[in-house]
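Take a walk through this model from its overall make-up to its individual contacts. Keep the sequence and the structure side by side as you read.

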Amino acid sequence: MKQLVRLAFGAAILFPTLAMALPEDREKPVHIVSDQAVLDDAKGTVTYTGNVKLTQGTLEINADKVVLYVVNNELTKAFAYGKPAHYQQLPSPDQPLTHAYGLTLEYDLTAETVTAIEQAKLTQNQDTFTGERITYDITKRTVNAFSAQGSSGKRVEMILQPKKKATP
């Protein structure tokens, strides 16, 4: 029971810095549901398993497993694992949701990036990026996509929709 209280308290302290796209997201409560949660103070991790759903404002992560890493009482990284794991967040009020998918998602709060690894896909508006690894810089709104190493033949694919002309 004591560990569950520390887990809840630790999450309440750490998560105000989780969302980085909309400023309002940072002020929203973090809600995490899963089948199991394990806090490991020595490693500085909190691991959620079993149909994990993490939300804070427009940020949503769905995965089979989510591992949060804490350094000096601050959340620094979150890894989500699934078939695939899914991340979505609204970058700004005038933009549609950004979606990222991958067997592994790395959400680096220090670098403000989301990296989708293996079977990676990122969609912004109607533009789609696929590859073995895709890194999305949340602040700069840039995408870097990488193909698979070796002879698998999987290459980066980008489908960019034409921009609509403004009506006079």
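This is a predicted model: local features need pLDDT of at least 70, side-chain atom pairs count only at pLDDT 80 or more; totals for chains, interfaces and linings use all residues.

Residues are numbered from 1 along each chain as its sequence is written, and side-chain values use heavy atoms, with hydrogens and water left out.

Start with confidence. pLDDT is the predictor's confidence in each residue, from 0 to 100. Its mean over the protein chain is 84. Of the residues, 82% reach 70 or more. Residues 1–20 stay under 50. For that stretch the model has 42 contacts beyond four places in sequence; a contact means heavy atoms within 4.5 Å.

Now the fold. The protein chain has two helices and 10 strands. These are DSSP runs, numbered from the N terminus: helices are H or I with at least four residues, strands are E with at least two. Along the sequence the order is α-α-β-β-β-β-β-β-β-β-β-β. The chain has 168 residues, and 43% of them count as buried. Buried means under 20% relative accessible area, exposed means over 50%, and partly exposed lies in between (1.4 Å probe, protein chains only). Among contacts between residues at least 6 apart in sequence, 39% join residues at least 24 apart.

Two strands pair if DSSP finds at least two bridges between them. S4 (residues 59–71) and S5 (residues 74–89) pair in the antiparallel sense over 10 bridges. Two residues lie between these strands in their hairpin, where Asn-72 takes a positive phi near 50 degrees. S5 also pairs with S6 (residues 98–108), again antiparallel and over 10 bridges. Ala-78 shows both pairings. In S5, Ala-78 stands opposite Leu-68. In S6, the bridge partner of Ala-78 is Tyr-107.

Which residues do ring pairs link into a cluster? They are Tyr-69, Phe-79 and Tyr-81. Rings of Phe, Tyr and Trp (its six-membered ring) pair if their centres lie within 6.5 Å; planes under 30 degrees apart count as stacked, over 60 as edge-to-face and the rest as tilted. The structure holds three aromatic pairs. One of them joins Tyr-69 and Phe-79 edge-to-face, at 5.7 Å centre to centre with 80 degrees between the planes. This pair links distant parts of the chain: Tyr-69 is in S4 and Phe-79 in S5, 10 residues apart. Phe-79 is buried, at 18% relative accessible area. Phe-79 and Tyr-81 have ring centres 6.4 Å apart and planes at 10 degrees, so that pair is stacked. Tyr-69 is partly exposed at 31%, and Tyr-81 is partly exposed at 30%.

The criterion is NZ of Lys or CZ of Arg within 6 Å of the ring centre and within 35 degrees of the ring normal. The charged end of Lys-65 sits over the ring of Tyr-81, 5.8 Å from its centre. Arg-133 lies over the face of Phe-146, at 4.1 Å from the ring centre.

Move on to S8 (127–137). Eight of its 11 residues are buried. S8 pairs antiparallel with S7 over 10 bridges. The two form a hairpin with two residues between them, and Asn-125 in the turn has a positive phi of about 55 degrees. S8 also pairs antiparallel with S9 over five bridges. Thr-135 takes part in both pairings: Thr-115 is a bridge partner of Thr-135, and so is Asn-144 in S9. Three bridges join S8 to S10 (residues 157–159), also antiparallel. There, Thr-128 stands opposite Ile-159.

Two residues complete the tour. Thr-123 lies in S7 (residues 113–124) and is buried, at 16%. Beyond four places in sequence, Thr-123 touches Leu-97, Thr-98, His-99 and Thr-128. Lys-140 lies in the loop between S8 and S9 (142–146). It is exposed, with a relative accessible area of 63%. The C-alpha atoms of Lys-140 and Thr-113 are 9.4 Å apart, across 27 residues of chain.
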